[in-house]
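Subject: Structure for you, with notes

Hello,

Here is the structure I promised to pass on. Please open it first, then read the notes below.

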Amino acid sequence: MAEHVENSDPKGESLMEKIADKFHGDDSSSSSESDTETKKPVVKSEVEAEPEPETLKNKVWRLFGREKPVHKVFGGGKPADVFLWRNKKISATVLGGATAIWVLFELLEYHLFTLICHILIITLAVLFLWSNATTFINKKPPHIPEVHLPEGPILQVASALRIEINCALDLLREIASGRELKKFLAVIAGLWILSIVGSWCNFLTLFYISFVLLHTIPVLYEKYEDKVDPLAEKAMHEIKKQYAVFDAKVLSKIPRGPLKDKKKD
């Protein structure tokens with residue numbers, strides 16, 4: 001009888017072990033499901049939190065309030081590629097040519113009309129002698145291409161210049177009528193600075209300096225815009241603060257023009 005009890009105990013124990021394992025398995029599966037359910041919102045929140053840097057990046061203040069890249073500000077075409085040194089050979093050639101012209105006319109004191117005549121004399125003499133020499137050496141004469149000015153690009157340039165000139169004339173008319181005091185002061189300050197710079201150098205040197213600045217400042221700004229824009233933002237805030245003080249103390253006391261009063265009425 002005792003042997004029978006002893007033999008039945010292992011079966012009972014194995015049965016209890018199976019039941020316990022089954023409960024433990026259910027608990028572990030339910031706990032794993034609860035863990036996955038708790039982890040899912042975390043992943044979702046992480047995914048939703050990813051675009052935050054982009055929104056912060058879009059809110060960064062840019063110089064002159066621009067929203068486009070520097071390349072598109074310059075038109076996004078070949079002139080922009082030249083100014084931003086996308087093709088270093090072309091940009092270096094253009095800048096070197098402008099430097100050579102400035103050295104010829106400014107340092108060597110060469111005259112434009114004299115230079116054009118000398119270039120034409122040398123070119124015509126070389127081509128004339130070469131064309132006649134081919135009859136004696138039994139070679140083909142040089143191929144001289146036909147050069148014609150295209151009508152389309154010239155009309156486009158003339159139309160663009162006409163639009164810019166008309167915009168400048170409208171701005172000057174608006175300023176002269178006494179409507180915009182800020183623009184008036186800005187234009188007067190700009191013209192005064194240009195008059196000072198013009199007294200230091202002639203038009204050719206001023207044009208060459210502007211050309212060099214167009215080939216250096218945009219590419220440097222594009223490279224370091226993340227460092228320049230915060231400094232420019234601080235400078236603009238300070239300028240606006242000083243202008244507000246100047247406006248409260250001086251400009252607000254100046255009597256307004258009759259056109260502006262009529263506009264308000």
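Leu181, Phe184, Leu185, Ile188, Phe246, Val250 and Ile254 make a nonpolar surface patch of about 540 Å². A patch takes residues with over 30% relative accessible area and no salt bridge; nonpolar side chains (Val, Leu, Ile, Met, Phe, Trp, Tyr) are joined within 5 Å, like charges within 9 Å. Areas come from the Shrake-Rupley method with a 1.4 Å probe, and for residues only the protein chains shown count as cover. Helix α8 (residues 181-200) gives the most to this patch, four residues. Valine 250 sits in the loop between α10 (225-249) and α11 (258-264). Its relative accessibility is 35%, so valine 250 counts as partly exposed. The classes are: buried under 20% relative accessible area, exposed over 50%, partly exposed in between (1.4 Å probe, protein chains only).

Two notes on the source. The model is predicted: local features need pLDDT of at least 70, side-chain atom pairs count only at pLDDT 80 or more, and totals for chains, interfaces and linings use all residues. Residues are numbered from 1 along each chain as its sequence is written, and side-chain values use heavy atoms, with hydrogens and water left out.

Now the overall picture. The chain has 11 helices and zero strands. Helices (H or I, at least four residues) and strands (E, at least two) are DSSP runs, numbered from the N terminus. Of the 265 residues, 11% count as buried. The chain exposes about 22400 Å², and carbon and sulfur atoms supply 67% of that area. Take the contacts (heavy atoms within 4.5 Å). Among those in the chain with a separation of 6 or more, 57% join residues 24 or more positions apart.

Next, the aromatic rings. There are three aromatic pairs in the structure. Rings of Phe, Tyr and Trp (its six-membered ring) pair if their centres lie within 6.5 Å; planes under 30 degrees apart are stacked, over 60 edge-to-face, the rest tilted. Tryptophan 102 and tyrosine 208 form a stacked pair, 5.0 Å centre to centre with 10 degrees between the planes. This pair links distant parts of the chain: tryptophan 102 is in helix α5 (residues 88-107), tyrosine 208 in helix α9 (residues 203-223), 106 residues apart. Tryptophan 102 is buried at 19% relative accessibility. Tyrosine 208 is buried too, at 16%. Phenylalanine 203 and phenylalanine 207 are also stacked, because their ring centres are 6.4 Å apart and their planes at 25 degrees. They are four residues apart in helix α9, so about one helical turn separates them. Phenylalanine 203 is exposed at 67%. Phe203, Phe207 and Phe211 form one aromatic cluster.

What about salt bridges? The structure holds three. Each is a side-chain nitrogen of Lys or Arg within 4 Å of a carboxyl oxygen of Asp or Glu.

- Glutamate 222 and arginine 86 meet at 2.9 Å, N to O. Glutamate 222 is in helix α9 and arginine 86 in the loop between α4 (78-83) and α5, 136 residues apart.
- Lysine 183 and glutamate 174 meet at 4.0 Å, N to O. Lysine 183 is partly exposed at 35%, and glutamate 174 is partly exposed at 25%.
- Lysine 241 and glutamate 238 meet at 4.0 Å, N to O. They are three residues apart in helix α10, so about one helical turn separates them.

Last, the cysteines. A search of the whole structure finds zero disulfides (cysteine sulfur pairs within 2.5 Å). Cysteine 117 is partly exposed at 30%. Cysteine 167 is partly exposed at 45%.

Best wishes
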